Amino acid sequence: MRKVVDWIYRGLQVLLTLLIAILILPVTMQILARFSEHVPNYIWTEEMARFCLIWIIMLGASVAVRDGAHFDVDVLPHPKTPFGLAVSRMVVHAAIFLVALIFLGFGWRFAEFGYDQNSELTGINMISIHIAWPVAGLTWVLFTLEKFYDDYQLMKMGKAGAHEPG
């Protein structure tokens, strides 16, 4: 299972890199069009940049969940045992999991809403953008389940260490 998750994670990283490379084109064209009379002002560049940015944000958040690079607030004292660390991580991962389920559930309805719409500028079906929300939710679910498994393993190790004579 971990190999599948690793493959998905690497695919997201490659996709992010491609989207950033693609984003450079319309943004560069917009900048050049503002400062040069020789470059035409294309309307599609603004929409393409916006769509790339939406996907970059959603996929970047997915990568951040896997990397543990999302921000969290230290509300509880720092745990001193592996068991306590596992429990505190599980609290954070449960919160992320809840948000992931919200993104997955409401994102699916959002994507269905996008299916019935087309972009006015390019004519692209809006599901190609709206589907980013449930995709992000799905990857967050997958990555937090992996984190829960790691937390459980740490918790088992912490319990075993707690029962050994000191």
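Rings of Phe, Tyr and Trp (its six-membered ring) pair if their centres lie within 6.5 Å; planes under 30 degrees apart are stacked, over 60 edge-to-face, and the rest tilted. By this rule the count comes to 5 aromatic pairs. One of them joins Tyr42 and Trp44, which is tilted, at 6.0 Å centre to centre and 35 degrees between the planes. Phe97 and Phe148 form an edge-to-face pair, with 6.1 Å between centres and 70 degrees between planes. Phe97 lies in helix H3 and Phe148 in helix H5 (residues 132-163), so this pair ties together parts that are 51 residues apart in sequence. Helices here are DSSP runs (H or I, at least four residues), numbered from the N terminus, as are strands (E, at least two).

This is a predicted model: local features need pLDDT of at least 70, side-chain atom pairs count only at pLDDT 80 or more, and totals for chains, interfaces and linings use all residues. Residues are numbered from 1 along each chain as its sequence is written, and side-chain values use heavy atoms, with hydrogens and water left out.

**Accessibility**

Buried means under 20% relative accessible area, exposed over 50%, and partly exposed in between (1.4 Å probe, protein chains only). The table covers residues from the pairs, contacts and loops.

| Residue | Relative accessible area | Class |
|---|---|---|
| Tyr42 | 41% | partly exposed |
| Trp44 | 31% | partly exposed |
| Phe97 | 22% | partly exposed |
| His93 | 8% | buried |
| Thr139 | 9% | buried |
| Gly68 | 41% | partly exposed |
| Ser36 | 24% | partly exposed |

**Side-chain contacts**

A polar contact is a pair of N or O atoms within 3.5 Å; within protein, one must be able to donate a hydrogen and the other to accept it, and residues adjacent in sequence count only if both atoms are side-chain atoms. His93 sits in helix H3. Its side chain makes a polar contact with the side chain of Asp151, at 2.6 Å. Thr139 belongs to helix H5. The side chains of Thr139 and Ser62 are joined by a polar contact of 2.6 Å.

A charge can also sit over a ring (NZ of Lys or CZ of Arg within 6 Å of the ring centre and within 35 degrees of the ring normal). Arg66 does this over the face of Tyr9, at 4.9 Å from the ring centre.

**Loops**

Ser36 lies in the loop between helix H1 (2-35) and H2. Its C-alpha atom is separated by 31 Å from that of Asn118, 82 residues apart along the chain. Gly68 lies in the loop between helix H2 (44-67) and H3. The C-alpha atoms of Gly68 and Glu37 are separated by 46 Å, with the two residues 31 apart along the chain.

**Second largest pocket**

Rolling a probe the size of a water molecule over the atoms shows where empty space is left. On a 1 Å grid over the protein atoms alone, a cavity is a set of points where a 1.4 Å probe fits but cannot get out; a pocket is an open set with protein on both sides within 12 Å along at least five of seven lines, and lining residues have an atom within 4 Å of a point.

The second largest pocket has a volume of about 240 Å³. Of its 10 lining residues, the closest to the centre are His70, Phe71, Val92, Ala95 and Ile96. Which helix gives the most to the lining of this pocket? Helix H3 (residues 82-115) does, with 5 residues. The lining divides into 8 nonpolar, 1 polar and 1 charged. Here Ala, Val, Leu, Ile, Met, Phe, Trp, Tyr, Cys and Pro count as nonpolar, Asp, Glu, Lys and Arg as charged, and the others, Gly among them, as polar.

Conventions:
Grid points are joined across faces, edges and corners, and a volume is the space filled by probe spheres set on the points.
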